[in-house]
Amino acid sequence: MSAITRYYQRIGFVTAARRCLATGVACVALFAGPPAALAAATGGAVGEPWQSLPPTPSLPAAAKSGYAPVNGIRMFYAVFGQDLGQGLPVLLLHGGLGNSNYWGEVIPILVRNHYQVIVTDSRGHGRSTRTAESYSYELMASDVLALLDYLKLTRVNLVGWSDGAIIGLAIAMRHPERLRRLFAYGANSDPSGARPDMGGNATWTNYIERTRGEYRQLSPTPQDYETFLEQIQAMWAQQPNFTAAQLKRIRVRTAIVDGAHDEAIKPEHTQYLARTIPGAKLIILPDVSHFGMLQNPQDFSAAVTNVLK
């Protein structure tokens with residue numbers, strides 16, 4: 001794969017076109033490829049950056065990784081960088097059906113900014129195991145707290161994407177002493193915040209199909225994806241159920257963040273969260289969707305570091 005193709009995969013066709021004007025031969029090479037190759041490079045969509053689904057990156061080399069025994073499961077985690085006294089560690093929580101690899105482009109940027117970074121796979125996701133207990137955001141939040149105890153971390157900055165952001169909200173409401181800052185990207189506080197038409201969106205359906213292959217590759221139960229998908233979708237249909245009164249009690253410094261073209265969360269719901277949580281900062285990233293950390297990891301990471309500082 002050429003460097004040009006990798007560049008195109010990362011930032012999308014339109015953004016590449018704008019930046020490519022000054023590159024001469026590289027620009028010609030980029031647009032000389034067949035449409036099918038361009039579509040394959042963006043997860044099946046040729047068009048605006050938010051219509052692409054760039055490849056899931058791999059995790060960089062970790063300083064430490066392993067499995068924490070928490071709440072009856074083996075929870076995968078990995079630690080990157082060193083604690084250099086530049087602020088508390090940053091915990092990255094991935095979205096539903098995904099895994100910690102989705103942070104692969106963000107991790108090195110945060111480490112270069114002198115943050116120690118921790119990632120984990122939620123129960124039943126990625127490399128982590130699960131029990132027969134039904135999925136819930138409260139259960140997954142308790143897993144995260146137990147992981148922090150295992151790693152002897154009393155307080156962290158939490159960056160959550162989608163389900164990871166919802167878990168972050170649950171911790172901020174019930175255990176605010178464990179968080180310094182919360183960066184909640186693509187969150188909803190109840191099922192009405194989800195877009196009813198997301199199932200017909202090509203980027204979303206490409207994501208579902210991609211996670212099927214990733215589950216088979218990473219999971220200790222690789223043949224159970226369909227059951228896993230049904231159980232997570234059942235959770236999405238009924239949870240979370242955070243009330244306005246609960247959101248108003250959050251005292252953790254919070255940024256409510258989303259992409260301007262999120263295919264999963266209603267924009268008015270994102271605005272509601274920012275209005276309701278005391279002192280919350282609303283950040284909308286242009287030219288990205290629910291998958292901003294893949295579509296533009298540089299701008300996503302810049303937003304994170306601005307919040308943390």
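Two strands count as paired if DSSP finds at least two bridges between them. Strands (E, at least two residues) and helices (H or I, at least four) are DSSP runs, numbered from the N terminus. This is a predicted model, in which local features need pLDDT of at least 70, side-chain atom pairs count only at pLDDT 80 or more, and totals for chains, interfaces and linings use all residues. Residues are numbered from 1 along each chain as its sequence is written, and side-chain values use heavy atoms, with hydrogens and water left out.

The open sheet has 8 strands with mixed pairing, in the order β1-β2-β4-β3-β5-β6-β7-β8. At its edges, β1 and β8 each pair on one side only. Further in, β2 and β4 run antiparallel over 4 bridges, and V79 stands opposite I118 in β4.

| Strand | Residues |
|---|---|
| β1 | 64-70 |
| β2 | 73-80 |
| β4 | 117-120 |
| β8 | 281-285 |

Y207 is in contact (heavy atoms within 4.5 Å) with L53, G95, G96, L97, G98, Y102, W161 and F291, leaving aside neighbours within four places in sequence.

Now to the largest pocket. A pocket is an open set of points on a 1 Å grid over the protein atoms alone, where a 1.4 Å probe fits, with protein on both sides within 12 Å along at least five of seven lines; lining residues have an atom within 4 Å of a point. Here 20 residues form the lining, with A194, M198, W204, W236 and A237 nearest the centre. Helices α7, α8 and α9 each supply at least two lining residues, and α9 gives the most, with 3.
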